[in-house]
Amino acid sequence: MSKRSSTRNPEEDVQFLEAHLAGTLKPLAPPREIVQRLSRRIQLPNREKITASFSDWNRMFLIFAGVLSGALLLITIARAFYYLAGRRG
C-alpha cells in the first residue's frame with residue numbers, strides 16, 4: 001500500500017480526477033428517435049394560458065398562503081422537537 005503524499009490538497013485531487021475522467025469518458029449522443037419522441041411529449045403551454053394563470057389572483061393567493069402556512073407549520077414542529085430534545089439533555 002502506498003502512502004498518500006501530504007502535500008496534495010483536495011482541490012488537486014478533484015482536478016486530477018476530472019482530468020482522468022475527461023480523458024476516459026467519451027461524449028455520447030442520444031439516438032435521434034428518442035430525441036424526437038421526447039420533443040413530441042414535452043409541450044410548453046402557450047403564452048395566453050400562462051398569462052391567464054397569473055391573472056387568477058384568488059388562486060395565486062391561496063397557493064401562496066398554503067405554502068406559507070406549511071412552512072410555518074414545519075418550523076413550529078422543528079422548534080418543538082428541538083425544545084423537547086434540549087430538555088432531556
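## Surface and model

The accessible surface of the chain comes to about 9500 Å², and carbon and sulfur atoms hold 64% of that area; areas are from the Shrake-Rupley method with a 1.4 Å probe, and for residues only the protein chains shown count as cover. Of the 89 residues, 0% count as buried, where buried means under 20% relative accessible area, exposed over 50% and partly exposed in between (1.4 Å probe, protein chains only).

The model is predicted: local features need pLDDT of at least 70 and side-chain atom pairs pLDDT 80 or more, while totals for chains, interfaces and linings use all residues. Residues are numbered from 1 along each chain as its sequence is written, and side-chain values use heavy atoms, without hydrogens and water.

## Helices and confidence

The chain has four helices and zero strands, in the order α-α-α-α from the N terminus. Helices (H or I, at least four residues) and strands (E, at least two) are DSSP runs, numbered from the N terminus.

Helix H1 covers residues 10–24 and spans 21 Å from its first C-alpha to its last, close to the expected 21 Å; the expected span is 1.5 Å times one less than the number of residues. H1 lies largely in the open because zero of its 15 residues are buried.

Mean pLDDT, the predictor's confidence in each residue from 0 to 100, is 84 for the chain, and 90% of the residues score at least 70. Confidence is lowest in H3, at a mean of 80, and highest in H4, at 91.

## Nonpolar patch

Ile50, Phe54, Trp57, Met60, Ile63 and Val67 make a nonpolar surface patch of about 640 Å². Patches take residues with over 30% relative accessible area and no salt bridge, joining like charges within 9 Å and nonpolar side chains (Val, Leu, Ile, Met, Phe, Trp, Tyr) within 5 Å; a salt bridge is a side-chain nitrogen of Lys or Arg within 4 Å of a carboxyl oxygen of Asp or Glu.

H3 (47–55) and H4 (57–88) each supply at least two residues of the patch. H4 gives the most, with four, while Phe54 is in H3.
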